[in-house]
Amino acid sequence: MLRKMLLIIFVISIPHSVLNAQDYDAESARKDQVKRGKQLVNEGRCNDCHTPLIETKEGLMPDSKRTLSGHPSDSEMPKIPSVEIDSEEWLKFLSSLDSTVWAGEWGISFSTNLTPDPMTGIGKWNEEIFIEIMRTGRHVDLKREIKPPMPWNDYAKLSNEDLKSIFAYLETVKPVRNVVPKPIPLP
């Protein structure tokens with residue numbers, strides 16, 4: 001009788017154990033994917049352009065409250081000077097820009113909010129959208145190209161697994177509500 005009960009308990013517990021092992025494997029795989037994504041974001045130096053800097057007693061440092069939130073919406077908008085791009089005045093203008101703003105023959109571009117905020121960041125994206133953007137260099141609305149200096153063509157060379165890992169990590173970043181301006185063409 002005891003053997004029958006133990007056999008019944010064992011048979012009943014097998015599916016439960018298998019399901020728990022599968023859940024653990026999926027959770028473990030997801031953690032590994034996020035860890036790989038964080039590594040790629042750090043190696044790709046995404047924070048250099050997508051995280052605003054703040055003045056500290058140690059000098060300019062990334063603002064940990066706005067990690068990967070793009071160009072701050074509360075920043076003053078730069079005015080494009082009416083000078084030649086290769087002039088001294090243009091170089092002076094470039095040196096006045098912060099790390100979330102870039103200018104060139106395309107005009108002025110602002111780093112995007114990569115946080116999972118659904119209104120102002122990438123919170124409404126999924127893996128497929130993210131991969132398509134990185135492969136094609138076209139903004140999410142597919143109406144315009146991603147502006148320099150975003151090296152999307154380098155990211156396009158990454159494997160789907162690496163791009164999925166980057167996206168998985170970006171989903172774990174604290175959402176920051178921050179409306180980034182659209183690019184401004186040269187006059």
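Visitor: Which residues of α6 are buried?

Guide: Happy to start there: this is a predicted model, in which local features need pLDDT of at least 70 and side-chain atom pairs count only at pLDDT 80 or more, while totals for chains, interfaces and linings use all residues. Residues are numbered from 1 along each chain as its sequence is written, and side-chain values use heavy atoms, with hydrogens and water left out. Buried means under 20% relative accessible area, exposed over 50% and partly exposed in between, with a 1.4 Å probe and protein chains only. For α6, the buried residues are Asp162, Leu163, Ser165, Ile166, Phe167, Ala168, Tyr169 and Leu170.

Visitor: How many of the 11 residues of α6 are buried?

Guide: Helices here are DSSP runs of H or I with at least four residues, strands are runs of E with at least two, and both are numbered from the N terminus. Helix α6 is largely enclosed by the rest of the structure, because its buried residues number eight of the 11.

Visitor: How are the rings of Trp90 and Phe93 placed: stacked, edge-to-face or tilted?

Guide: Rings of Phe, Tyr and Trp (its six-membered ring) pair if their centres lie within 6.5 Å; planes under 30 degrees apart count as stacked, over 60 as edge-to-face and the rest as tilted. That rule gives three aromatic pairs. With centres 5.2 Å apart and planes at 50°, the rings of Trp90 and Phe93 are tilted.

Visitor: Which helix holds both Trp90 and Phe93?

Guide: An α-helix has 3.6 residues a turn, so residues three or four places apart point the same way. Trp90 is buried, at 3% relative accessibility, and Phe93 is buried at 9%. They sit three residues apart, about one turn, within residues 88-96 of helix α3.

Visitor: How many residues apart are Phe130 and Phe167?

Guide: The ring centres of Phe130 and Phe167 lie 5.5 Å apart with planes at 35°, so this pair is tilted. It links distant parts of the chain, from helix α4 (residues 127-136) with Phe130 to helix α6 (residues 160-170) with Phe167, and the separation is 37 residues.

Visitor: Which residues form one aromatic cluster?

Guide: Phe130 and Phe167 are both buried. They belong to a cluster made of Trp125, Phe130 and Phe167.

Visitor: What is the bridge partner of Ala103 in β4?

Guide: Two strands pair if DSSP finds at least two bridges between them. Strands β3 (residues 101-104) and β4 (residues 107-110) pair in the antiparallel sense over four bridges. They form a hairpin with two residues between them. In β4, Ala103 is bridged to Ile108.

Visitor: Which residue's backbone nitrogen does the side chain of Thr115 reach?

Guide: Thr115 lies in the loop between β4 and α4 and is buried, with a relative accessible area of 0%. A polar contact is a pair of N or O atoms within 3.5 Å; within protein, one must be able to donate a hydrogen and the other to accept it, and residues adjacent in sequence count only if both atoms are side-chain atoms. The Thr115 side chain makes such a contact with the side chain of Asn113 at 2.7 Å. At 3.0 Å, the Thr115 side chain also reaches the backbone nitrogen of Val176.

Visitor: How far apart in space are Pro52 and Ser69, C-alpha to C-alpha?

Guide: Pro52, in the loop between α2 (46-50) and β1 (53-56), is buried at 4% relative accessibility. Pro52 and Ser69 are 17 residues apart in sequence, and their C-alpha to C-alpha distance is 7.5 Å.
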